[in-house]
Amino acid sequence: MSAKPLVYVLSDSVGETAELVIKAGLSQFNGDYNIHRVPYVDDKKTIDDTLQLVKETNGMIGFTLVDPVLREYTNEQAAQLKIEAVDIMGPMMAAMQRFYKIDPRLEPGLVHKLDEDYFKRVEAIEFAVKYDDGRDPRGISRADIVLIGVSRTSKTPLSQYLALKRLKVANVPIVPEVEPPEELFLVDPSKCIGLKIGPEKLNDIRKERLKALGLGDQASYANMQRIQQELDYFNAVIEKIGCQVIDVSNKAVEETANIIMHMASN
């Protein structure tokens with residue numbers, strides 16, 4: 001027997017619903033458990049193989065199968081093998097069928113299809129975090145939009161805001177001492193957007209940033225000569241890429257995001 005009790009999750013979709021229900025039940029008991037998920041089940045052989053594994057490891061099983069044939073087969077085989085099995089969907093669907101007097105659609109994974117918008121948003125947010133600030137140049141080719149700009153041009157908040165609109169955004173910082181990634185010059189220029197800002201405005205923003213960090217405003221980060229050098233380099237990179245540019249000097253993040261979404265939809 002395993003050091004930790006084993007609970008198997010069998011599902012004709014990803015198995016998330018069954019696992020959440022099982023975890024809720026397990027939370028009422030002391031001890032530690034291992035949960036093993038078996039997703040996208042659509043045949044009896046997978047059920048047989050899983051039940052045999054459950055038997056060998058002295059585990060129990062919870063399952064969500066909308067196909068009545070597979071559901072009945074799982075119940076029957078589990079009973080024969082004397083396996084503790086919990087039919088999570090069956091009784092509920094039967095009750096709903098009696099109450100509503102209509103037949104179920106018997107289509108796996110509908111809850112995820114209904115929540116597709118939510119999952120796309122989560123995926124876009126994770127993408128924005130992973131490919132923030134040029135951490136991984138591979139994100140440039142995978143992104144819906146690539147934001148390019150010097151430090152403090154709202155690249156990160158823009159990426160997160162656009163992610164809430166289900167857009168996958170990578171952003172790339174432009175620094176004179178660092179050669180931009182090669183991927184930036186290979187991607188479709190229509191996906192790239194340069195974030196332009198006036199030197200005086202950038203100087204004010206950077207001074208405030210230094211104050212917030214408890215640093216003096218004499219650092220080169222907020223030096224006008226340094227800022228102009230960065231902006232000149234930014235202009236050269238943007239010209240080489242041939243992408244569109246938005247002046248963010250006096251724009252809120254939401255305003256800039258709306259402009260970008262309009263560009264992306266055209």
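## Ground rules

This is a predicted model, where local features need pLDDT of at least 70, side-chain atom pairs count only at pLDDT 80 or more, and totals for chains, interfaces and linings use all residues. Residues are numbered from 1 along each chain as its sequence is written, and side-chain values use heavy atoms, with hydrogens and water left out.

## The sheet

Four strands form an open sheet in the order S2-S1-S3-S4, with parallel pairing. S2 and S4 (85-87) sit at the edges with a single partner strand each, so one side of each has no neighbour in the sheet. From one strand to the next, the twist averages 20° (axes are lines fitted to C-alpha atoms, for helices over the stretch in contact, with angles from 0 to 180 degrees between N-to-C directions). Strands here are DSSP runs of E, at least two residues, and helices are runs of H or I, at least four, both numbered from the N terminus. Two strands count as paired if DSSP finds at least two bridges between them.

Now the pairings themselves. S1 (residues 6-11) is joined to S2 (residues 34-38) by five bridges, with Leu6 partnered by Asn34 in S2. Five bridges also link S1 to S3 (residues 60-64), again in the parallel sense, and there Tyr8 has Ile61 as its bridge partner. S3 and S4 run parallel too, joined by three bridges.

S1 is mostly covered, with six of its six residues buried (buried is under 20% relative accessible area, exposed is over 50%, and partly exposed lies in between, using a 1.4 Å probe and protein chains only). Leu6, Tyr8 and Leu10 point one way, while Val7, Val9 and Ser11 point the other.

Ala163 belongs to helix H8 (residues 155-163) and counts as buried because its relative accessibility is 0%. Leaving aside neighbours within four places in sequence, Ala163 is in contact with Arg121, Ala124, Ile125 and Ala128 (contact means heavy atoms within 4.5 Å).

Lys201 lies in helix H9 (residues 199-212) and is partly exposed, at 33% relative accessibility. Residues up to four places away in sequence aside, Lys201 touches Ser249 and Asn250. Lys191 is 10 residues from Lys201 in sequence, but the two are 26 Å apart in space, C-alpha to C-alpha.

## Cavity and pocket

On a 1 Å grid over the protein atoms alone, a cavity is a set of points where a 1.4 Å probe fits but cannot get out; a pocket is an open set with protein on both sides within 12 Å along at least five of seven lines, and lining residues have an atom within 4 Å of a point. Volumes are the space filled by probe spheres set on the points. There is one cavity of 30 Å³ or more, and the largest cavity holds about 40 Å³. Its lining includes Thr153, Ser154, Leu158 and Lys251.

The second largest pocket holds about 320 Å³. Of its 26 lining residues, Ser151, Arg152, Thr153, Ser154 and Lys155 are the closest to the centre. H8, S6 (169-173), H9 and H10 (224-241) each supply at least two residues of this lining.
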